[in-house]
Amino acid sequence: VGLVVDEADKPVAGAKVTCWPSDLARPVAYCGMQHQTSDEEGRFRVSAARGQPWNVIALQKGFAEPRPLHCNPEDGVVRIRLQPSTSLQVRLRARPGSKGSSEGPVQYFLVDRHKDVVIPGFSNEIPFTIPSVADGDYNLFVLLGQDGYGEAALAFDRRRTRRMTVEVELG
């Protein structure tokens, strides 16, 4: 049994909850993965094998994509706390003296301090926006065409801002 709540501990109805055995880094088809939708009180129920640890994640529009939560069925009620959705706008600038381009496509990787890829993506627009960024310390890696590369370190704290802009120098 689990419960999906927001920052104020209010239930989040309609969240898509996915559970999978924790011996797998990411959910893959046919691995015992289970899907549920939280009810009006934010509750969901999965049938996990006793003694087997699980990962669980809940997704809901308007909230940031969280990291998976590691849990055991014996832990009792699993509480998943969702954070409000936030976004990161990325602007690109050519390094002085370089022939850098300002046209897409752009490939990016937003990586958390534990070196887990959090959000990989592509954009054909510059500047571009990365939606649903959770709080944390990140490294952002950007590839533009064949010769544009840049990176930036940033800390995101939704208590200070819901939208952050970072400028990445390409060379």
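Student: What does buried mean here?
Tutor: Buried means under 20% relative accessible area. Keep in mind that this is a predicted model.

Student: OK, is F128 buried or exposed?
Tutor: F128 has 3% relative accessibility, so it counts as buried.

Student: And Y108, buried or exposed?
Tutor: Y108 counts as buried because its relative accessibility is 6%.

Student: How many aromatic pairs does the count come to?
Tutor: The count comes to one aromatic pair. The ring centres of Y108 and F128 are 5.0 Å apart and the planes sit at 15°, so this pair is stacked. The cut-off for stacked is planes under 30 degrees apart.

Student: Where do Y108 and F128 lie?
Tutor: Y108 is in strand β9 (residues 106-112), and F128 is in strand β11 (residues 128-131). The pair therefore ties together parts that are 20 residues apart in sequence.

Student: Switching to β5. Why is it largely enclosed by the rest of the structure?
Tutor: Strand β5 covers residues 54-59, and five of its six residues are buried, so the rest of the structure largely encloses it.

Student: How many bridges join β2 to β5?
Tutor: Six bridges link β5 to strand β2 (residues 16-21), and the two run antiparallel.

Student: Which residue in β6 is the bridge partner of V56?
Tutor: That is L69.

Technical notes: Residues are numbered from 1 along each chain as its sequence is written. This is a predicted model: local features need pLDDT of at least 70, side-chain atom pairs count only at pLDDT 80 or more; totals for chains, interfaces and linings use all residues. Side-chain values use heavy atoms; hydrogens and water are left out. Buried means under 20% relative accessible area, exposed over 50%, partly exposed in between (1.4 Å probe, protein chains only). Helices (H or I, at least four residues) and strands (E, at least two) are DSSP runs, numbered from the N terminus. Two strands pair if DSSP finds at least two bridges between them. Rings of Phe, Tyr and Trp (its six-membered ring) pair if their centres lie within 6.5 Å; planes under 30 degrees apart count as stacked, over 60 as edge-to-face and the rest as tilted.
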